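Subject: Structure for your review

Dear colleague,

Please find below the structure that I am handing over to you. A short account of the findings follows it.

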Amino acid sequence: MLEVIKVTKKYGKTLAADNVGFAVPDGKVGILLGPNGAGKSTVIKSIAGLLKYKGEIRVDGKPARSYEAKKVFAYVPELPFMYDSLTVREHIEFITRAYGVKVEEEEVQALFKRFELDDKQDKLGNELSKGMMQKVSICCALIVKPKVILLDEPMVGLDPMAIKELKTVILELRDSGCTVLISTHMLDMVKDLWDVTFVMDKGHILGTYVKENLEDKDLEELFFKVTGQTEDSAEPAAAEEE
C-alpha cells in the first residue's frame with residue numbers, strides 16, 4: 001500500500017501541495033490525474049524522496065524515507081537519467097547491487113526482450129535516444145520486483161509497441177499484488193488501467209473516484225467537470241511540461 005498523509009510543500013510563497021492525502025491499496029492501480037501545474041510532480045517527487053515536505057508518506061506500511069521502505073519501492077521518473085559511461089546491462093547490474101537483490105540471467109534477458117533492448121545491452125547511456133532511455137529506466141524499476149512502484153508520465157516518448165507492453169506489465173504487477181501509482185495528464189493512456197483515480201488541481205485533491213463505483217459515468221467527463229476545464233482548453237497543455 002502507498003499512503004500519502006497531509007503532505008504540504010511550499011516553494012517560497014507558492015503552495016504547490018496543500019494538505020494532500022490519498023492511498024492506493026495493494027493490488028490496485030492508482031492514477032494521479034491533473035492538468036499541468038496541478039502539483040502532481042511535487043507530490044510524486046515527495047513520494048520518491050526527492051523533496052522535503054510536511055506530512056507523512058508510507059510505503060508498504062513503513063515511513064517512505066526508511067531503508068525498509070526504499071528496498072520495496074521503485075520509481076520511474078518522467079525524465080529518464082542514465083550514466084554516460086555505463087552500458088544498458090551495467091545499469092541493471094548497478095540497480096540490483098544497490099537494492100541487494102539477486103536476479104537470474106534469464107529474468108534479465110526476458111525483460112530486455114519485452115522492451116526490445118536485447119540488442120542494445122552494450123550501448124552506453126549517452127548513445128541512447130530518450131525513448132530507449134525510458135525503456136531502460138522502466139527495466140531498472142521492474143528488475144527489483146517492487147511492492148510499490150511509482151511511474152511519472154511513463155508512456156511519454158515510448159513507441160506504440162513499448163506502450164502496449166508497459167500496459168501489459170502494469171496489469172501483471174497489479175495482479176501480483178503490487179501497488180502501482182501513475183502520474184499523468186493523459187487520460188487516453190490510462191483509461192483501461194486504473195482502479196482508483198485522484199484528480200488534482202492547484203495543489204489539492206479535488207476528487208477521488210473508484211472505478212467499480214462509477215457505473216456508467218465517464219472519468220473524462222468527471223475530470224473536466226471537477227477541474228473546470230474543457231477538452232479544447234486541455235489539449236494545448238498536453239505538450240507542456242509540468
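Strand β1 (residues 2–11) is joined to β2 by seven bridges, and the two run antiparallel. Here strands (E, at least two residues) and helices (H or I, at least four) are DSSP runs, numbered from the N terminus, and two strands pair if DSSP finds at least two bridges between them. Within this pair, lysine 9 stands opposite alanine 17 in β2.

The model is predicted: local features need pLDDT of at least 70 and side-chain atom pairs count only at pLDDT 80 or more, while totals for chains, interfaces and linings use all residues. Residues are numbered from 1 along each chain as its sequence is written, and side-chain values use heavy atoms, with hydrogens and water left out.

Both strands belong to an open, antiparallel sheet of four strands in the order β2-β1-β4-β5. Because β2 (14–24) and β5 (62–63) stand at the edges with a single partner strand each, one side of each has no neighbour in the sheet.

Finally, threonine 197 lies in strand β9 (residues 196–201) and is buried, at a relative accessible area of 0%.

Yours sincerely

Terms used: Buried means under 20% relative accessible area, exposed over 50%, partly exposed in between (1.4 Å probe, protein chains only).
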